[in-house]
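Let's take a walk through a protein model together, one stop at a time. Have the sequence and the 3D view open as you read.

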Amino acid sequence: MSDVLQKIEDAKRDALEALAGACDLGVLEKVRIEFLGTRGRLTELARSLGSLPPAERPAAGQAANRAKAEVAGAHKAALGSLPSKKTGPPALDVTLPGRAPGRGHEHVVGRTMDEICQCFAKLGFSIALGPEVETDYYNFEALNFPADHPARDMQDTLFVGDKLLLRTHTSPVQIRTMEKNRPPVWIVAPGKTYRRDDDVTHSPMFCQVEGLAVDKGITMADLKGVLTAFAADFFSPGTKIRLRPSFFPFTEPSAEVDIACVLCGGRGCRLCKETGWLELLGSGMVDPALYGFVGYDPSEVSGFAFGIGVDRAAMLKYGISNIRHLYEGDLRFLRQF
Ligand code: FA5
């Protein structure tokens, strides 16, 4: 056999062996290119036949064409025998990087609640919790809301049974904590609260963080000092607060607490309606009448309490104009935090 015929035979044998061992599309394509591509072994051999003596060319040409046809046929057959999308599972490429599962993160309201609690933990407060389904006694009566008193209308209540309701604020935790502990008491109580409320700044379910400090010699200056430290830590250093006279049945005196507008710093803008201030929470000195419900001696101790709207705090901190964004579950919104 002439040298070139031998080379054609060798190339054909190598190609058929490689095709027999190929188990996926990628390998098959590599073999096709190696032997039948424009620079493939069989293609180059066929191209080189022009340099043979004329007498040898016809036999070599026929051998080259037969070899190419045989390899092309084997390649086609091997392609057909691969598992297709219709007939079997797709070939698994174990070398591809895996697909990582999507990672979630804490909801902005939960995170804000944690941040608020952290600020007070640094000041020595510990955490207390209470039930969301509450009795009339803890939600109203022991907080000095007499039955049929108009102050109960301040909070539109959702009742779930006779004298059983969804707590309208976290203040019942004040009573539950004082019942179980002797003074001194320094606690914050985070949690969900419910009211018949629904507009751009009010939601039927919202969150509060209650604060209560009962100890010897506590004054309104302590309340102001603690809340000033909180505003500086939670919003930014130097954030000013102001106390405005208000009314709650369970505190005397009572105060609404505003912070200097986070947008204009107090100069006046659309967010603060040109007042320079934004309302954040309710607070006051614990009304001594409450001590009668929990067995504390009002001549021994005094205290302050406050209730922060967590949703309101998050809206002020992040410039959110509509409270509903917090609860619609729209990932485009939530992923910003
Ligand atoms: C109270 O709930 C009092 N328990 C707070 C308190 C505690 C006063 C201890 C004194 C001592 P008020 O109803 O103002 O107060 O609510 C407190 C805060 O909760 C408000 O400033 C507001 O930020 C938030 N809030 C009230 N209602 C809603 C609502 N429907 N949606 C979202 N936030 C609300």
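Start with a side chain that has two partners. The side chain of D258 makes a polar contact with the side chain of R242, at 2.9 Å. The side chain of D258 also makes a polar contact with the side chain of R244, at 2.7 Å. Keep in mind that what you're looking at is a predicted model, so treat every distance here as something computed from that prediction.

Where does D258 sit? You'll find D258 in strand β8. Is D258 buried or exposed? D258 counts as buried because its relative accessibility is 2%, and the cut-off for buried is under 20%. If you skip the neighbours within four places in sequence, D258 is in contact with K240, I241, R242, R244, W277, L278, E279 and L280.

P253 lies in β8, and a cis peptide bond joins E252 and P253, with omega at about -5 degrees. There's also a cis peptide bond between P183 and P184, where omega is about 5 degrees. P184 belongs to the loop between α7 (172-180) and β5.

Now let's look at the greasy parts. In soluble globular proteins, nonpolar side chains tend to be buried together. Here, the largest nonpolar core has 44 residues, and I116, F120, L280, F304, F306 and I308 are those with the most contacts inside it. Which elements give two or more residues to this core? They are α5 (108-121), β6 (205-215), α8 (220-234), β8 (251-260), β9 (277-286), β10 (302-309), α10 (310-318) and α11 (331-334). The largest share, 7 residues, comes from α5. Apart from this core lies another one, of 25 residues, with L143, A151, V185 and I187 among them.

Next stop: strand β5 (residues 185-194), which holds T193. T193 has a relative accessible area of 0%, so T193 is buried. What surrounds T193? Leaving aside neighbours within four places in sequence, T193 is in contact with R167, T168, H169, T170, P204, M205, F206, C207 and Q208.

Two of those names, H169 and Q208, come up again at the ligand. A nitrogen atom of the ligand is 2.9 Å from an N or O atom in the side chain of H169. An oxygen atom of the ligand is 3.1 Å from an N or O atom in the side chain of Q208. The backbone takes part as well: a polar backbone atom of S203 is 2.9 Å from a nitrogen atom of the ligand. How much of the ligand does the protein cover? On its own, the ligand has 670 Å² of accessible area, and the protein covers 94% of that.

Step back and you'll count 26 residues around the ligand, with H169, S171, R195, D197 and S203 coming nearest. This shell divides into 8 nonpolar, 13 polar and 5 charged residues. The elements giving two or more residues to the shell are β6, β9 and β10, and β9 gives the most, with 5 residues.

Finish in the loop between α6 (136-139) and β3 (158-161), where N144 lies. N144 has a positive phi of about 75 degrees although it is not a glycine. D148 is found in the loop between α6 and β3 too, and D148, also not a glycine, has a positive phi of about 60 degrees. N144 counts as partly exposed because its relative accessibility is 25%, while D148, at 78%, counts as exposed.

Terms used. Residues are numbered from 1 along each chain as its sequence is written. This is a predicted model: local features need pLDDT of at least 70, side-chain atom pairs count only at pLDDT 80 or more; totals for chains, interfaces and linings use all residues. Side-chain values use heavy atoms; hydrogens and water are left out. A nonpolar core is a set of buried Ala, Val, Leu, Ile, Met, Phe, Trp, Tyr and Cys residues joined through side-chain atoms within 4.5 Å. Buried means under 20% relative accessible area, exposed over 50%, partly exposed in between (1.4 Å probe, protein chains only). Helices (H or I, at least four residues) and strands (E, at least two) are DSSP runs, numbered from the N terminus. Contact means heavy atoms within 4.5 Å. A residue is near a molecule or strand if one of its heavy atoms lies within 4 Å of it. A polar contact is a pair of N or O atoms within 3.5 Å; within protein, one must be able to donate a hydrogen and the other to accept it, and residues adjacent in sequence count only if both atoms are side-chain atoms. Accessible areas come from the Shrake-Rupley method with a 1.4 Å probe; for residues, only the protein chains shown count as cover. Ala, Val, Leu, Ile, Met, Phe, Trp, Tyr, Cys and Pro count as nonpolar, Asp, Glu, Lys and Arg as charged, and the others, Gly among them, as polar.
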